[in-house]
Amino acid sequence: ANTATQALVSSTGLEQEEFVEMMNEKVKSLGLEKTNFVDPIGLSSWNTSTAVEVAKLLIEALKNPSIRECVSTEMYVFKNFEGKSKTVKSTDILLDDFEATDIKILGGKTGFTGAAGYCFTSMFENIDNKRVVTVVLGSHGHADRFSYTKYLVNWVYGNYIWKY
């Protein structure tokens, strides 16, 4: 959630500009030359990247067990300081979509801006431990990014042969 991301930024004690600078230093250290952030949440149309670099960012992020757990959780319930129960639901509708297959989703990230459209990047693994990363950018509707992803994943696992 965007508010959770903003809370994370605030918890660091850094100003937003400092946090964004560190984000940009991190992507440069990963060799990502076409990715640049201007805000930590990702809502600015001035944030830029490419499909390949978005895929590389997801691969890097999913190396962290805490991030992997967060982006593969459908719903999280917690109590605030006042004892009120709060529920956060994932916007990733594919989290339970592959349950009846030999494919599992390891995590994904949705996004939307007016400039980029509806976006979704995700990583999947099949029963043979073969992983596929998908990136869908510029979808016209909320559901399109997921239907395109599902099509891509099913096509790859149904047609591609790994040589190793």
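Reader: Which side chain makes a polar contact with the side chain of Thr134?
Author: A polar contact is a pair of N or O atoms within 3.5 Å; within protein, one must be able to donate a hydrogen and the other to accept it, and residues adjacent in sequence count only if both atoms are side-chain atoms. Here the side chain of Ser122 is the partner of the Thr134 side chain, at 2.7 Å. This is a predicted model, in which local features need pLDDT of at least 70 and side-chain atom pairs count only at pLDDT 80 or more, while totals for chains, interfaces and linings use all residues. Residues are numbered from 1 along each chain as its sequence is written, and side-chain values use heavy atoms, with hydrogens and water left out.

Reader: Is Thr134 buried or exposed?
Author: Buried means under 20% relative accessible area, exposed over 50%, and partly exposed in between (1.4 Å probe, protein chains only). Thr134 counts as buried because its relative accessibility is 4%.

Reader: With which residues is Thr134 in contact, leaving aside its neighbours within four places in sequence?
Author: Contact means heavy atoms within 4.5 Å. On that basis Thr134 touches Phe120, Thr121, Ser122, Phe124, Thr149, Leu152 and Val153.

Reader: In which strand is Thr134 found?
Author: Helices (H or I, at least four residues) and strands (E, at least two) are DSSP runs, numbered from the N terminus. Thr134 belongs to strand E5.

Reader: What is the order of the strands in the open sheet?
Author: Two strands pair if DSSP finds at least two bridges between them. The order is E3-E4-E5, three strands with antiparallel pairing. Strand E3 (103-113) and strand E5 (131-139) are the edge strands, each pairing on one side only. Strand E4 (residues 117-126) is joined to E3 by 10 bridges, and Ile105 has Phe124 in E4 as its bridge partner. Between E4 and E5 there are seven bridges, again antiparallel; Thr121 stands opposite Val135 in E5. The hairpin of E4 and E5 has four residues between the strands, and Asn129 in this hairpin takes a positive phi near 65 degrees.

Reader: Which helix lies across E3, E4 and E5 at about 130 degrees to E5?
Author: Axes are lines fitted to C-alpha atoms, for helices over the stretch in contact, and angles run from 0 to 180 degrees between N-to-C directions. Helix H3 (residues 51-61) is the one at about 130 degrees to E5. Helix H5 (residues 144-159) also packs on the sheet, touching E3, E4 and E5, and its direction makes about 150 degrees with that of E5.

Reader: How many disulfides does the structure hold?
Author: A disulfide is a pair of cysteine sulfur atoms within 2.5 Å. The structure holds zero. Cys70 is exposed, at 59% relative accessible area, whereas Cys119 is buried, at 11%.

Reader: How many aromatic pairs does a search of the whole structure find?
Author: A pair of aromatic rings is described by the distance of the centres and the angle of the planes. Rings of Phe, Tyr and Trp (its six-membered ring) pair if their centres lie within 6.5 Å; planes under 30 degrees apart count as stacked, over 60 as edge-to-face and the rest as tilted. The search finds six pairs. One of them joins Tyr76 and Phe78, which are stacked at 6.0 Å centre to centre with 25 degrees between the planes. Tyr76 counts as exposed at 53% relative accessibility, and Phe78 as partly exposed at 32%.

Reader: Which residues do ring pairs link into a cluster?
Author: The cluster consists of Tyr157, Tyr160 and Trp162.
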